[in-house]
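Here is a short report on one protein chain. Please keep the sequence and the model in view while you read.

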Amino acid sequence: MEFHKLVRDRIEKIIRKQGKIPVVHTASDDEYYRKLKEKLREEVEEFSKDNSIEELADLLQVIYTILDFKKIPREKLEEVRRAKNDERGKFNDRVILDEIR
């Protein structure tokens with residue numbers, strides 16, 4: 001069975017414990033970033049279907065990993081999030097924009 005997808009760091013050991021042989025390689029920077037973005041889309045889809053806290057945690061882990069790869073401090077992400085909230089608001093009021101006339 002072929003996957004060609006980014007997996008968590010301990011998956012190789014878990015597969016070996018099951019008596020199977022994983023075939024893996026280490027991604028280049030370009031491939032890694034591309035696979036991180038694919039994983040982000042995958043996790044969004046999984047959360048959309050499942051709605052579980054586990055899927056939400058997976059989504060957050062991918063975001064944290066992208067921040068680490070891009071050398072963006074988590075505090076910077078939080079700073080940008082807060083600034084957008086201050087400027088444009090949050091999503092708490094459940095406002096749906098139907099059209100602009």
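How many of the 101 residues of the chain count as buried? The share is 14%. Buried means under 20% relative accessible area, exposed means over 50%, and partly exposed lies in between (1.4 Å probe, protein chains only).

## Basis of the model

This is a predicted model: local features need pLDDT of at least 70, side-chain atom pairs count only at pLDDT 80 or more, and totals for chains, interfaces and linings use all residues. Residues are numbered from 1 along each chain as its sequence is written, and side-chain values use heavy atoms, with hydrogens and water left out.

## Overall build

The chain has 4 helices and 0 strands. Read from the N terminus, the order is α-α-α-α. The radius of gyration is 18 Å, well over the 13 Å that the globule rule gives for 101 residues, so the chain is more spread out than a compact globule. That radius is taken over C-alpha atoms, and the globule rule is 2.2 Å times the number of residues to the power 0.38. Helices (H or I, at least four residues) and strands (E, at least two) are DSSP runs, numbered from the N terminus.

Along its principal axes, the C-alpha trace spans about 60 × 30 × 25 Å. Contact means heavy atoms within 4.5 Å. Among contacts with a separation of 6 or more, 47% join residues 24 or more positions apart.

## Surface and charge

The accessible surface of the chain is about 9600 Å². Carbon and sulfur atoms hold 52% of that surface. The areas come from the Shrake-Rupley method with a 1.4 Å probe; for residues, only the protein chains shown count as cover.

The chain carries 24 positive and 24 negative charges, and their mean positions are 2 Å apart. Lys and Arg count as positive, Asp and Glu as negative; His and the chain ends are not counted. Each charge is placed at NZ of Lys, CZ of Arg, CG of Asp or CD of Glu.

## Helix H3

H3 has 17 residues. Its first and last C-alpha atoms are 24 Å apart, close to the expected 24 Å at 1.5 Å a residue. The expected span is 1.5 Å times one less than the number of residues.

Which residues of H3 are buried? They are Glu55, Asp58, Leu59, Val62, Ile66 and Leu67. These buried residues pack against helix H2 (29-50) and H4. Leu60 also sits in H3, but Leu60 is partly exposed, with a relative accessible area of 38%. Leu60 and Val44 are 16 residues apart in sequence and 10.0 Å apart in space, C-alpha to C-alpha.

## The loop at Lys71

Lys71 lies in the loop between helix H3 (53-69) and H4. Its phi is positive, about 55 degrees, although Lys71 is not a glycine. Most residues other than glycine have a negative phi. Is Lys71 buried or exposed? Lys71 counts as exposed, at 74% relative accessibility.

Lys71 and Glu55 are 16 residues apart in sequence. In space, C-alpha to C-alpha, Lys71 and Glu55 are 24 Å apart.

## Helix H4 and the segment after it

H4 covers residues 74-88 and has 15 residues. From first C-alpha to last, H4 reaches 21 Å, close to the expected 21 Å. Arg74 lies in H4 and is partly exposed, at 39% relative accessible area. Arg74 touches Tyr64, Leu67 and Asp68, not counting residues up to four places away in sequence. Arg74 and Lys17 are 57 residues apart in sequence and 34 Å apart in space, C-alpha to C-alpha.

Just after H4, Gly89 takes a positive phi of about 90 degrees. Arg94 is found in the segment after H4. Arg94 also has a positive phi, near 60 degrees, in a residue other than glycine. Arg94 is exposed, with a relative accessible area of 74%.
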